[in-house]
Amino acid sequence: MSLSGEAVSIVGAGPTGALLAVLLKRRGMAVTLYESRADPRGDGAEAGRSINLALADRGTHALARAGLLDAVRRLVVPMRGRLVHQADGSTGLQPYGRLPNEVIYSISRRELNNVLLDAAIDAGVDVRFQHRLESADLATGTARVRDLGRGVSLEIPMKPLLGADGAGSLLRRRLAAQDLIESEDIPLEHAYKELSIAAGPGRSALLEREALHIWPRGGYMLIALPNQDGSFTATLFLPLQGISSFAALRSPQAIDEFLSANFPDARALMPDCVAEFQRHPTGFLGTVHARTWSAAGAAALIGDAAHAIVPFHGQGMNCCFEDCLEFDACLEGASSWERVFAEVYARRKPNADAIAEMALENYLEMRELVADPHFLLQQSLALELERRYPRRFIPRYSMVMFHHEISYRTAQERGRVQAQILAELTREAASLADVDYARAARLVEAELPEFSDLSSVMKL
């Protein structure tokens, strides 16, 4: 028995739901995609809630497998590294990788989502906007969806119902309320506010265009990602409470003084930032941990609905796209949805947990360590060891961002070993010239087995 030809319902038509719909439709399934919002391809899409997305190797690999990479190429801006803006006004570029093709790409969430929705509709997916999931009853095997346009409720069969409805997933909450899964939302006591840096004359970029800009300030930071029109999407990450916090920035004067004191060069490029700060909503951050992502063969979670993470490793979307590929792979030869769901969970749960931990660790790196000379020495040494031992020592960041064939769990485990090696080699070193490379060779060869299959990083 094959699952090809079966009917599938997906709630959530963001990037994850749309990509999954394309993959399932290509397997011959009858796919209906429900989305509570109006069609985002029209005018009036929400502003101020979206951190620009960073597309990396795992995401490009998934898009290529779905035949959608060519449609996305025109939307991206390459970022070669982090351009760090120090408190004293100095700047410096920290490359993401050792090789020229080791870059990540800034892309508008809305534009990417529109491409994926177009692809889903072109493939024959039945996309229903302004349809909000209200309930899911495993006892009867039916879900209730509200048609917001007509003001009526519809009953749909859960055979199955797939939840791609994001970090605040209603399907996850409904399954947890019925004790069908365990779910825990762990808030980060920091939040974000989206701001903007407009383009200069003739759509020129007022900052280095091919970089992710970071203003690290210890307990908080500002970042800016490039857009194709020469503008930048800036995001302020700040504690919710405390002296330097969102709670402290209540008045226009307080907002202006804080931004001017901490990010003077960025403030000079954002004449409307105080008004934007007041107008745009405060976005909350957190991690979702769910245990058991499915209920029998009737419902399952995927992407952020199952394992939302904080955005500091630029892997949220990439991880979700990898989920979609794994889900598709688990369908090969499968005879039951229960079997598919169990296999997806077994494959993805350890990796989802690993990237969730690494994303939290990367927040400290971005807001503080990128300005620390000893950390920068270790980063430089990591790239040098990769040059000398390219099949053994790959920096953890590179394993995550540029090698889809290396799982998140493997990257985390090898990253711990590599961190110990770097700590030992730099304990008494002030520069790369002080490193004992003979000892480095012994440590690398003893502790890090060779990778047998490393693919070239795809460059857009």
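Reply: Start with the pair H11 and H14. The model is predicted. Helix H11 covers residues 337–367 and helix H14 covers residues 408–425. Their axes lie 7 Å apart, and the packing angle is about 50°. That angle makes H11 oblique to H14. The crossing of H11 and H14 is left-handed.

Now the residues in that contact. H11 contributes Arg348, Pro350, Asn351, Asp353, Ala354, Ile355, Glu357 and Met358. Sorted by class, the H11–H14 contact holds five nonpolar, two polar and five charged residues.

H11 also packs against H10. Helix H10 runs over residues 316–330. The axes of H10 and H11 come within 9 Å and cross at roughly 150°. Angles over 145 degrees count as roughly antiparallel, so H10 and H11 are roughly antiparallel to each other. Their crossing is right-handed, whereas that of H11 and H14 is left-handed.

The H10 side of this contact consists of Cys319, Glu322, Asp323, Glu326, Phe327, Ala329 and Cys330. The H11 side consists of Trp337, Val340, Phe341, Glu343, Val344, Arg347, Arg348 and Ile355. By class, the H10–H11 contact has nine nonpolar and six charged residues, with no polar ones.

Next, H14 and its other partner, H12. Helix H12 spans residues 373–388. The axes of H12 and H14 come within 10 Å and cross at roughly 110°. The range for roughly perpendicular is 65 to 115 degrees, so H12 and H14 are roughly perpendicular to each other. This crossing is right-handed.

In H12, the contact residues are Gln378, Leu381, Ala382 and Leu385. In H14, they are Leu422, Ala423 and Leu425. The class count for H12 with H14 is six nonpolar, one polar and no charged residues.

Now the open space. H11, H12 and H14 each give two or more residues to the lining of the second largest pocket. This pocket holds about 770 Å³ of space. Its lining has 27 residues. Nearest its centre lie Glu365, Phe375, Gln379, Arg396 and Tyr397. Strand E6 (91–95) and helix H13 (396–402) also supply two or more lining residues each. H12 has the largest share, with seven residues. The pocket lining divides into twelve nonpolar, ten polar and five charged residues.

The whole structure has three cavities of 30 Å³ or more. About 50 Å³ lies in the largest cavity. Its lining is made of Val288, His289, Ala290, Trp293, Ala306, His307, Ile309, Lys349, Ala352, Asp353 and Ala356. Strand E17 (283–291), helix H9 (304–307) and H11 each give two or more residues to that lining. H11 has the largest share, four residues. By class, the cavity lining splits into seven nonpolar, two polar and two charged residues.

H11 packs with H14 and crosses H10. H11 also gives residues to the lining of the second largest pocket and to that of the largest cavity.

The peptide bond from Lys159 to Pro160 is cis, with omega near 0°. Pro160 sits in the loop between strand E11 (152–157) and strand E12 (161–163). Gln130 has a positive phi, near 55°, and is a residue other than glycine. Gln130 falls in the loop between strand E8 (126–129) and strand E9 (131–137).

Methods
Residues are numbered from 1 along each chain as its sequence is written. This is a predicted model: local features need pLDDT of at least 70, side-chain atom pairs count only at pLDDT 80 or more; totals for chains, interfaces and linings use all residues. Side-chain values use heavy atoms; hydrogens and water are left out. Axes are lines fitted to C-alpha atoms, for helices over the stretch in contact, and angles run from 0 to 180 degrees between N-to-C directions. Angles under 35 degrees count as roughly parallel, over 145 as roughly antiparallel, 65 to 115 as roughly perpendicular and the rest as oblique. A crossing is left-handed if the near helix is turned anticlockwise from the far one by less than a right angle, and right-handed if clockwise. Contact means heavy atoms within 4.5 Å. Ala, Val, Leu, Ile, Met, Phe, Trp, Tyr, Cys and Pro count as nonpolar, Asp, Glu, Lys and Arg as charged, and the others, Gly among them, as polar. On a 1 Å grid over the protein atoms alone, a cavity is a set of points where a 1.4 Å probe fits but cannot get out, and a pocket is an open set with protein on both sides within 12 Å along at least five of seven lines; lining residues have an atom within 4 Å of a point. Grid points are joined across faces, edges and corners, and a volume is the space filled by probe spheres set on the points.
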